[in-house]
Amino acid sequence: MTEGVTATDRTNGAVYDVVVAGGGPVGLFLAGELRLGGASVLVVERLAEVDETIKAGGINTAGAVALYRRGMLPELAAAWEKNMWRLRAFLGEQGQERGADAPRTPPKFAGHFAGIMLRGDLFDVSDPAFADIGPADRVGLGVPQAHLERILAARAERLGVEVRRGVELTGFDADENAADGADGVVVHLGSDEDVRTGWLVGCDGGRSTVRKLAGFDFPGTEPEITGYQAVVEMSGSERLGVGWNTTDVGTYVNGPFPGRILTVEFDGPPADRSAPITAEELQASLRRVSGVDEVAIHRVHSSTRFTDNARQTSGYRKGRVLLAGDAAHVHSPFGGQGLNLGLGDAMNLGWKLAAVVRGTAPESLLDSYTAERHPIGAWVLDWTRAQIAVMRPDRHARALRRVVTDLALTTAGTTYLVKQISGVWQHYDLPGDHPLTGQSAPDLELADGTRLGDHLHDGRALLLDLADDPKLRARAEGYGDRVDVVTAACPGRPGLTGLLVRPDGFVAWAADEDHQGDDLDDALTRWFVAA
């Protein structure tokens with residue numbers, strides 16, 4: 001309870017199936033998923049407006065596929081194209097400053113590992129890991145987080161999510177002895193309001209109030225760096241290298257649009273991450289790392305500090321309280337994994353929690369949330385730790401960096417790194433012996449002109465009958481509005497006869513000429529429980 005306020009002083013608000021703490025991209029995406037599944041949702045966000053602070057700037061393939069499966073690809077593509085214009089303009093300005101021979105169009109860029117640029121012309125586009133991704137493979141990099149947040153906020157509003165900005169969660173209590181016998185949580189908002197909810201999900205960032213108050217553990221590794229990312233007005237920038245630059249002191253970035261800078265110094269974490277960031281502080285860091293004393297920062301438009309603090313809670317659920325996104329795991333921003341990892345958490349949790357809320361699935365279904373998402377989160381933490389090891393300024397790390405750079409300049413090396421960054425490797429350990437089981441579903445092009453992803457917009461499971469088999473379709477009877485059945489041929493995969501795709505787009509069952517798929521009933525019961 002909030003200090004100085006008694007229970008009788010507080011007002012009792014509405015009752016919701018789920019309260020989501022945190023109105024960033026992960027919280028908003030999760031809220032939309034819950035609404036698609038039929039749950040009533042309240043999102044509370046401490047900030048009154050969308051946070052314009054420069055943060056994540058990229059959506060990888062796995063993140064783009066998730067948004068595509070919910071029909072948001074056109075909005076995502078428009079935001080991506082807008083950001084590409086900024087990149088083209090920046091490179092044009094740099095060309096004018098550096099001479100007529102400087103590049104004026106975006107290079108073929110495939111991402112980076114520890115600031116080692118990956119060349120798109122070395123990427124093997126024929127790698128089978130990138131087959132059947134569909135239209136989502138065309139966009140991704142370069143969508144600012146604030147833009148994505150607005151897209152997801154508009155979607156949440158369309159779906160009927162209640163979003164309350166400028167409202168802070170200050171505490172909560174388990175409410176297992178309510179008068180009506182219903183378990184749940186009483187959530188305290190501000191200084192004088194309570195709301196009742198069946199479930200509380202913390203999507204409130206790396207310093208999560210929900211995680212701390214619920215008593216989740218948060219083991220991991222201590223930070224080594226202080227990093228700054230900012231958008232500034234500066235002079236003397238013509239002396240700076242464009243893009244990622246490694247020096248004897250650390251790493252700095254200039255671009256990909258005018259005034260955007262990033263610095264990394266291996267001097268330990270900042271004394272106070274929350275202290276205001278001044279132009280003088282940014283300027284000093286940029287000068288130390290770049291060695292360019294002529295660069296001067298005159299005005300700061302947006303800035304943030306970061307470290308390589310890498311931690312992950314060992315479980316994503318405690319009773320009626322769950323965590324998603326940075327509330328469950330934190331790491332350095334290198335490689336742009338954090339936002340995409342959080343979107344994957346939301347996609348995985350949303351349909352499961354909605355099914356439990358509606359009573360169409362047991363609470364034990366939620367055990368699969370941690371089981372499936374925790375290994376991917378652990379991989380991301382190690383991926384970012386590996387980049388820190390390669391970025392250190394000591395001689396051993398610099399020797400390692402030269403080896404990694406040589407590998408990255410090969411087709412095999414670039415393709416491996418791009419696959420890891422893109423998230424196409426992600427899969428879940430699900431029962432079944434078909435190679436597709438547990439994989440993200442291929443975006444099959446069907447004979448009726450639709451694609452598999454077109455049938456996932458409403459957030460329901462999909463039984464895809466590719467062989468016009470009445471017996472197959474009959475096995476899905478009794479699952480009500482939880483499983484859509486679509487019959488269509490797939491000329492591109494003639495041997496595939498059927499797929500059961502979960503609402504999050506992962507294959508729960510598959511059959512072809514070599515795998516008869518006798519375990520379909522088990523898969524349907526495991527994930528959707530017959531009515």
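In what order do the strands of the open sheet of 5 strands lie? Here are some notes to read alongside the model, which is a predicted one.

1. **The sheet.** The answer to the opening question is β11-β12-β13-β10-β14, and the pairing is antiparallel. At the edges sit β11, residues 243-246, and β14, residues 296-306, each of which pairs on one side only. If you follow the sheet from one strand to the next, the twist averages 20°.

2. **A helix on the sheet.** Helix α6, made of residues 279-290, packs on this sheet. Its contacts are with β10 (226-235), β12, β13 (260-265) and β14. Compare directions and you will find that α6 makes about 85° with β14.

3. **Ser302.** On strand β14 you will find Ser302. Is this residue buried or exposed? Ser302 counts as buried, because its relative accessibility is 10% and the cut-off for buried is under 20%. Setting aside neighbours within four places in sequence, Ser302 is in contact with Glu52, Thr53 and Ile54, and also with Gln229, Ala230 and Val231.

4. **The second largest pocket.** How much space lies in the second largest pocket? The figure is about 620 Å³. Two elements give two or more residues to its lining: α2 (61-68) and α7 (337-358). The lining comprises 34 residues, and those nearest the centre of the pocket are Arg69, Val424, Gln426, Ser440 and Ala441. Sorted by class, the lining has 18 nonpolar residues, along with 9 polar and 7 charged ones.

5. **The chain as a whole.** Stepping back, the chain has 531 residues, and 54% of them are buried. Its secondary structure comes to 12 helices and 22 strands. What share of the contacts between residues at least 6 apart in sequence join residues at least 24 apart? In this chain, that share is 72%.

Technical notes:
Residues numbered from 1 in each chain as written. Predicted model: local features only at pLDDT ≥ 70, side-chain atom pairs only at ≥ 80, totals over all residues. Heavy atoms only, no water. 1 Å grid on protein atoms, 1.4 Å probe; cavity = no way out; pocket = protein on both sides within 12 Å on 5 of 7 lines; lining within 4 Å. Points joined across faces, edges and corners; volume = space filled by probe spheres on them. Helix = DSSP H or I, 4+ residues; strand = E, 2+ residues; numbered from the N terminus. Nonpolar A, V, L, I, M, F, W, Y, C, P; charged D, E, K, R; others polar. Pairing = 2+ DSSP bridges. Axes fitted to C-alpha atoms, helices over the stretch in contact; angles between N-to-C directions. Contact = heavy atoms within 4.5 Å. Buried < 20%, exposed > 50% of the residue type's maximum accessible area, 1.4 Å probe, protein only.
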